[in-house]
Amino acid sequence: MSVFSRFPERLQHAISSRLGFTSLRPVQELAGQAILDGKNAVVLAPTAGGKTEASMFPVIGEMVVSPPSGVGALYIAPIKALLNNQEVRLGEYVEMVGLRRFVWHGDSSQSQKQAFVREPAELLMTTPESLEVMLMSSRVPVVRLFQDLRFAVIDEVHAFAGTDRGAHLMSVLERLAALSQHDVQRIGLSATIGNPGQIAQWLRGTSERESVVIDPPKPKAQ
């Protein structure tokens, strides 16, 4: 069974009519099956290889089927520039099925942040440092925001693994996981790396979910 057939009809229709997709790439099929089966995953593909869709389509689909109360999914990036680069694309993906996204970093205005706190978007795009600021702020009701958190998608996960900043990211993720009523599903995105199994185990943290590496065969160069 194709993973596309496991998506809710609203998402299937949006992918085909709004985005013009006629089929999914191998990495999107494999990642989608693993994520919908409830597994943590490290998804490997070259730049422009479809990693973002591989992770976000099943995540969005699950939030369409069961809308979260508060933030249902995090998209975490190492730098603001990547968040800004992905803001429009991920915004289109969630909005085409009636969901919302919010980007929280140092350039987001206080009024925008206050509006988000009052009525949180289902997808929160941010950095580890901004997440910690939220956790430490007395003005941010973190329990209400994150008690229904289900997914954490970490882009450029190789930039974090084995570094002090990676240790900080995992600390923040574990604090969020303690607030959530779910075993938060962790999904790392990366270009091809030499130690994906180690990164998958590192990213798993205290999660009891099975962890897998999605690394489909690359087409041979002509």
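Q: Which residue in S4 does Tyr 75 stand opposite?

A: Tyr 75 faces Met 125 in S4. Before we go on, keep in mind that this is a predicted model.

Q: Got it. How do S2 and S4 run relative to each other, parallel or antiparallel?

A: Parallel: strand S2 pairs with strand S4, residues 123-126, over 4 bridges.

Q: And how many bridges link S2 and S5?

A: S2 pairs with strand S5, residues 151-154, over 4 bridges, again in the parallel sense. In that pairing, Ala 73 has Phe 151 of S5 as its bridge partner.

Q: Are the faces of S2 covered or open?

A: Both faces of S2, which spans residues 73-76, are covered. Ala 73 and Tyr 75 are buried on one side, and Leu 74 and Ile 76 are buried on the other.

Q: You mentioned Ala 48. What is its phi?

A: Ala 48 has a positive phi of about 65°, although it is not a glycine. For background, most residues other than glycine have a negative phi.

Q: Where is Ala 48?

A: In the loop between strand S1 (40-44) and H3.

Q: Why does Ala 48 count as exposed?

A: Because its relative accessible area is 67%, and the exposed label goes to values over 50%.

Q: What about Glu 156, what is its phi?

A: Glu 156 also isn't a glycine, and its phi is positive, at about 50°. You'll find Glu 156 in the loop between S5 and H8.

Q: New topic: Arg 100. Where is it found?

A: Arg 100 is in the loop between H4 and strand S3 (101-104).

Q: Which backbone oxygen does the side chain of Arg 100 reach?

A: The one on Pro 120, at 3.0 Å. Leaving out residues up to four places away in sequence, Arg 100 touches Val 94, Glu 119, Pro 120, Ala 121, Glu 122 and Leu 123.

Q: Why is Arg 100 called partly exposed?

A: Its relative accessible area is 33%, so Arg 100 falls between the 20% and 50% cut-offs.

Q: What separates the C-alpha atoms of Arg 100 and Gly 61?

A: They are separated by 13 Å, and the two residues are 39 apart along the chain.

Q: How about Ser 180, buried or exposed?

A: Ser 180 is buried, because its relative accessible area is 10% and buried means under 20%. Ser 180 sits in the loop between helix H8 (164-179) and strand S6 (185-190).

Q: What does Ser 180 touch?

A: Not counting residues up to four places away in sequence, Ser 180 touches Phe 146, Gln 147, Asp 148 and Leu 149. With Leu 149, the side chain of Ser 180 reaches the backbone oxygen at 2.7 Å.

Q: Last one: where is Gln 12 found?

A: Gln 12 is in helix H1, residues 9-18. The side chain of Gln 12 reaches the backbone oxygen of Phe 7 at 2.8 Å. Setting aside neighbours within four places in sequence, Gln 12 is in contact with Phe 4, Ser 5 and Phe 7.

Methods: Residues numbered from 1 in each chain as written. Predicted model: local features only at pLDDT ≥ 70, side-chain atom pairs only at ≥ 80, totals over all residues. Heavy atoms only, no water. Buried < 20%, exposed > 50% of the residue type's maximum accessible area, 1.4 Å probe, protein only. Helix = DSSP H or I, 4+ residues; strand = E, 2+ residues; numbered from the N terminus. Pairing = 2+ DSSP bridges. Polar contact = N/O pair within 3.5 Å; in protein donor to acceptor, adjacent residues only side chain to side chain. Contact = heavy atoms within 4.5 Å.
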